[in-house]
Each structure stands twice: as structure tokens, then as C-alpha cells.
Amino acid sequence: MKPRVLIVDDSWSMRQTLRLLLSPDFECALAEDGASALVQARQQPPDIIVSDVNMAGMDGYELCLRVRSEPPPLQRVPFVFLSGLAPLPGMVQSSDVYLVKPVQPAVLIARMHELLQPRTLAVAQGQG
């Protein structure tokens with residue numbers, strides 16, 4: 001069974017590109033903004049979230065902070081920022097990984113698998 005990733009980006013083409021890139025390794029769900037992503041994540045918590053930062057309404061930073069304030073298991077979902085912007089001071093620690101576009105697809109996929117590794121082991125050992 002593939003891990004489930006929630007891809008959050010206000011660009012349709014970026015969502016589709018990421019879906020095509022990640023679908024061999026992940027079951028992909030898509031959201032076009034932070035608000036719809038939070039609703040989806042609450043309904044069916046993903047294994048990992050990949051989010052743009054700069055979005056209208058609820059941006060990626062706010063989405064990450066709101067996910068972190070949710071009860072488990074949602075608050076423990078690894079969070080990856082994938083953005084064309086450099087991180088704001090003090091905000092990087094809210095995510096697990098911050099990658100600046102353009103990023104090599106292999107780097108993104110490897111980092112996602114690294115983030116899922118401890119959780120996979122904990123679940124296998126009955127700690128998840």
C-alpha cells in the first residue's frame with residue numbers, strides 16, 4: 001500500500017506535475033488552497049503533506065500551523081514546503097523540510113521517503 005500524500009498548491013499545473021511525479025510512489029490527493037487542504041486532511045489524514053507557501057487566503061505557513069494544532073494523528077503528519085520563495089525567518093521550523101523550486105524530483109521523493117521512515121517503523125512496532 002502506497003503512502004498517501006496531500007499536494008497543496010494554487011497552481012493547477014504544479015498540482016498536476018507533482019501528481020504525475022509522485023504517483024509511482026504515493027497515492028496522491030490534491031487541494032488548491034490551504035482551507036480545502038485542511039478540510040481534506042481532517043477527513044482523511046494523509047501520511048505526508050507537500051504544500052506551496054504563497055497561496056491566497058490560508059497560506060502554507062498558516063496551513064502548517066493549523067495542522068500542527070490538530071489532535072493526533074494529523075498533528076504528526078510530516079510537512080514539506082515546496083516554494084519558489086526563500087523561507088521567512090522563524091517559519092522553517094514549522095515544517096519538516098523546506099525546498100526551494102526548482103528542486104530535483106529525486107531530491108523531493110528521497111526527502112519524502114526519509115520523513116516517512118520513522119513513522120513507518122513506529123507503526124510497524126505498534127507505536128503509531
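**Labels and their cut-offs**

Modeller: Of the chain's 128 residues, 39% count as buried, where buried means under 20% relative accessible area, exposed over 50% and partly exposed in between, with a 1.4 Å probe and protein chains only. This is a predicted model, in which local features need pLDDT of at least 70, side-chain atom pairs count only at pLDDT 80 or more, and totals for chains, interfaces and linings use all residues. Residues are numbered from 1 along each chain as its sequence is written, and side-chain values use heavy atoms, with hydrogens and water left out.

Biologist: What is the average pLDDT of the chain?

Modeller: The average is 88, and 88% of the residues score at least 70; pLDDT is the predictor's confidence in each residue, from 0 to 100. Over residues 120–128 the pLDDT is below 50, and this stretch has four contacts in the model beyond near neighbours in sequence. Contact means heavy atoms within 4.5 Å.

Biologist: How many helices and strands does the chain have?

Modeller: There are four helices and five strands, in the order β-α-β-α-β-α-β-β-α from the N terminus. Helices (H or I, at least four residues) and strands (E, at least two) are DSSP runs, numbered from the N terminus.

Biologist: Why is H2 called roughly parallel to H3?

Modeller: The axes of H2 (residues 34–43) and H3 (residues 60–68) come within 9 Å and cross at roughly 25 degrees. That makes H2 roughly parallel to H3, because angles under 35 degrees count as roughly parallel, over 145 as roughly antiparallel, 65 to 115 as roughly perpendicular and the rest as oblique. The axes are lines fitted to C-alpha atoms, for helices over the stretch in contact, with angles running from 0 to 180 degrees between N-to-C directions.

Biologist: Which residues of H2 and H3 meet?

Modeller: From H2, Gly34, Ala37, Leu38 and Arg42 meet Leu63, Arg66 and Val67 of H3. The residues of this contact divide into four nonpolar, one polar and two charged. Ala, Val, Leu, Ile, Met, Phe, Trp, Tyr, Cys and Pro count as nonpolar, Asp, Glu, Lys and Arg as charged, and the others, Gly among them, as polar.

Biologist: What makes Ser51 buried or exposed?

Modeller: Ser51 has 1% relative accessibility, so Ser51 counts as buried. Ser51 is in strand S3 (residues 48–51). Leaving out residues up to four places away in sequence, Ser51 touches Val8, Gly60, Leu63, Phe79, Val80, Phe81 and Leu82.

Biologist: And how do you know whether Glu70 is buried or exposed?

Modeller: Its relative accessible area is 14%, so Glu70 is buried. Glu70 lies in the loop between H3 and strand S4 (79–83). Not counting residues up to four places away in sequence, Glu70 touches Leu38, Arg42 and Gln75. The C-alpha atoms of Glu70 and Leu38 are separated by 9.9 Å, at 32 residues apart along the chain.

Biologist: Which peptide bond is cis, with omega near 5 degrees?

Modeller: That is the bond from Pro72 to Pro73, and Pro73 is in the loop between H3 and S4. The bond from Lys101 to Pro102 is also cis, with omega near -5 degrees. Most peptide bonds are trans.
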